[in-house]
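Have a look at the model first, then read on.

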Amino acid sequence: HVRADMAQKRGGAIEFVTLTTRAGDSPGGGREILAVNDALAELERQQPDLADVVDLKYFCGLSIDEIAAMKGVSARTVDRNWQKARLFLDAAISDDN
């Protein structure tokens, strides 16, 4: 029964992590979360390919090489898109503050 529970198809290789941040509870934390959300929405509207890289890298935890293999492009292309997305988000968040 233990082997079945630990089987990869049952998620045995997945490590569960508890999010311990309280960004929304800190003074101004709610505004920061909204600024990030708004910036991501704007990036999705203007540059969906860049937003996809952010989603896969930041939220899904995939590496540059994994994203490149999944999308069928070079790792350099994904890295460039990641850098562009970060610059866009940084500028958008800075403008909100």
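Which residues have the most contacts inside the largest nonpolar core?

## The core

They are L43, V54, V78, W82, A85 and L89, in a core of 16 residues. A nonpolar core here is a set of buried Ala, Val, Leu, Ile, Met, Phe, Trp, Tyr and Cys residues joined through side-chain atoms within 4.5 Å. Buried means under 20% relative accessible area, exposed is over 50%, and partly exposed is in between (1.4 Å probe, protein chains only). Helix 2 (29-46), helix 3 (48-59), helix 4 (64-71) and helix 5 (75-96) each put in at least two residues of this core.

Take V78: skipping its neighbours within four places in sequence, V78 is in contact (heavy atoms within 4.5 Å) with V53, I64, I67, A68 and V73.

## What you're looking at

This is a predicted model, where local features need pLDDT of at least 70 and side-chain atom pairs count only at pLDDT 80 or more, while totals for chains, interfaces and linings use all residues. Residues are numbered from 1 along each chain as its sequence is written, and side-chain values use heavy atoms, with hydrogens and water left out.

The chain has five helices and zero strands, so called from DSSP runs numbered from the N terminus (H or I, at least four residues, for helices; E, at least two, for strands). Buried residues come to 22% of the 97 in the chain. Of the contacts with a separation of 6 or more, 41% link residues 24 or more positions apart.

## Helix 3 against helix 4

The axes of these two helices, helix 3 and helix 4, come within 10 Å and cross at roughly 130°. Axes are lines fitted to C-alpha atoms, for helices over the stretch in contact, with angles from 0 to 180 degrees between N-to-C directions. That makes helix 3 oblique to helix 4; under 35 degrees would be roughly parallel, over 145 roughly antiparallel, 65 to 115 roughly perpendicular, and the rest is oblique.

On the residue level, D52, V53, L56 and K57 in helix 3 meet I64, I67, M70 and K71 in helix 4. The residues of this contact split into five nonpolar, no polar and three charged, counting Ala, Val, Leu, Ile, Met, Phe, Trp, Tyr, Cys and Pro as nonpolar, Asp, Glu, Lys and Arg as charged, and the others, Gly among them, as polar.

## Two residues in helix 5

N81 sits in helix 5 and counts as buried because its relative accessibility is 17%. Leaving out residues up to four places away in sequence, N81 touches L50 and V53.

R80 is in helix 5 too, but is partly exposed at 36% relative accessible area.
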